[in-house]
Amino acid sequence: MMTWGTARKSGISPLTSPETVDEALELLAGGGPDTRAIAGATWIMRGPTRGEPVPARLVALNRIAELRGVEIGALSGRIGAMESHDRIARALPEAADLRALAVAAGASANPGIRRLATLGGNLCAVGFVAADLIPALMCLDARVEVATPEGRRNIDMTEFMAMRRAAGPFLVVAVRFGRSGFRTAHARTPARDYPVSIASLSMATDAEGRIADLRLAVGAVEADAKRWAGFEDRARGQAPDPAGMAALATEFSADFTPVSALDAPGWYRLQVLPVLVRRAFEQIRREG
Amino acid sequence: MAVEFTLNGEWRDFAGDPRTPLLDVLRDGCRMTGTKSVCRAGFCGACTVMVGGEPVPSCQRPIGMLEGAEIVTIEGIAPPEELNPVQRAFLEHDVVQCGMCFPGMVITLTDFLRRNAAPTRSGIKEALSGNMCRCTGYERIIDAVMSIRETETPAAEAVSR
Ligand code: FES
Ligand code: FES
């Protein structure tokens, strides 16, 4: 059964639909502690199945035009926070540097949820370990435009992951990223539904075919996705041999403190990670 | 303030809590019980309905976000007293067992066939990846859908009404 937050404040509707970012921030700031923004609403609406009541007041963001749009240019891209996984997957052009993001958007959850769940929701749902877009955006070195009552800021993904737990109202407006000559891959298990381990990779090689630069982000292993700095440092300058990279992943897997949940124990998430790293390097090698 | 929407082509309103899932508005408020309540978490697809021309899990839609939306449920997927091609194929291939999953499957597949005139078995499997059936094997369902491909595709107007 549906369970509901009960701390209603008289005169304020349990669900409001502002038309601007500023209006939404005002409603979030003035609504009281049990007020949450909803984008696709899929994390909040299934809250009762996790024992978390639907908050007393919801601020729906679906009428804010500024949060829309997928604009991909030759040099940079911008995706609005209210774009769904399905829209993102269909709007991204076929390009090696965007492949990880396209797979992340197109393989997440199931088709019905992909039509609802948004970029902004994926970024902001603290506690949702299986977010596909976050590691893919880390690989793109994306920056997040965040609106707060004090103004707007563009911050990198690592900073965003720390600030998203901060008290005080904020909204994600969009993400932006530069286009690069990097090749990318997004390997996850299971292939469909909700992943229990994700390796998202972007890589550039030098004239000898060695790794000149790379970003490897891991999702669904710890509570928050993160760049795997220890792996990246060791891999630079090496040949991008999938088996060798998997061995390196095994060697450095102590860098993680995996979470255990009903869908998978922590040890399993970690055990499959080197396999996913191998697959990510294989995909890049295969697809060139 | 009441939320206004159309349900199977008819105007409706809902004056209750705007956080109420569309699923409950349909079943409890509108007595449209063809839409099934199972996981309530977006996993099983039994509650799938068309909202604005797209199949989505109704357990995940607070009604307050649906002002002005066009909603089509299993009761409105075909004209009264008629079956659409997916429903007919399911009957002809005898694929239904308990039936809990089938309203959602019919909605999903009707939309899928409207967008994919010549589907493959793997395409059908992919389309059904958010619709779970606990009774049947999926192969006969796919056989049924493939049989439609050879004869007809579901009427687009029935889906988008
Ligand atoms: S009841 Fe909505 S997806 Fe299962
Ligand atoms: S026929 Fe029983 S769940 Fe599908």
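The largest pocket has a volume of about 880 Å³. This is a predicted model, in which local features need pLDDT of at least 70 and side-chain atom pairs count only at pLDDT 80 or more, while totals for chains, interfaces and linings use all residues. Residues are numbered from 1 along each chain as its sequence is written, chains are lettered from A and ligands numbered from 1 in the order in which they are written, and side-chain values use heavy atoms, with hydrogens and water left out.

**Pockets**

- A pocket is an open set of points, on a 1 Å grid over the protein atoms alone, where a 1.4 Å probe fits, with protein on both sides within 12 Å along at least five of seven lines; lining residues have an atom within 4 Å of a point.
- A volume is the space filled by probe spheres set on the points, which are joined across faces, edges and corners.
- Of the 45 residues lining the largest pocket, A:Arg36, A:Ala37, A:Ile44, A:Cys124 and A:Ala125 are the closest to its centre.
- In chain A, α1 (21–30), β2 (35–38), α2 (42–45), α6 (119–124) and β8 (171–178) each give at least two residues to the lining of the largest pocket; helices (H or I, at least four residues) and strands (E, at least two) are DSSP runs, numbered from the N terminus.
- The lining of the largest pocket has 29 nonpolar, 11 polar and 5 charged residues, where Ala, Val, Leu, Ile, Met, Phe, Trp, Tyr, Cys and Pro count as nonpolar, Asp, Glu, Lys and Arg as charged, and the others, Gly among them, as polar.
- The second largest pocket holds about 570 Å³ of space.
- Among the 19 residues that line the second largest pocket, A:Trp43, A:Ala261, A:Leu262, A:Asp263 and B:Phe43 lie nearest its centre.

**Helix pair in chain A**

- The axes of α10 (residues 242–251) and α11 (residues 266–287) of chain A come within 8 Å and cross at roughly 150 degrees; axes are lines fitted to C-alpha atoms, for helices over the stretch in contact, and angles run from 0 to 180 degrees between N-to-C directions.
- α10(A) and α11(A) are therefore roughly antiparallel to each other, a label for angles over 145 degrees.

**Backbone details in chain A**

- A:Thr189 and A:Pro190 are joined by a cis peptide bond, with omega about -5 degrees.
- A:Pro190 sits in the loop between β9 (183–189) and β10 (197–205) of chain A.
- A:Ala220 is not a glycine, yet has a positive phi of about 70 degrees.
- The loop between β11 (211–219) and β12 (226–227) of chain A contains A:Ala220.

Note on methods. Angles under 35 degrees count as roughly parallel, over 145 as roughly antiparallel, 65 to 115 as roughly perpendicular and the rest as oblique.
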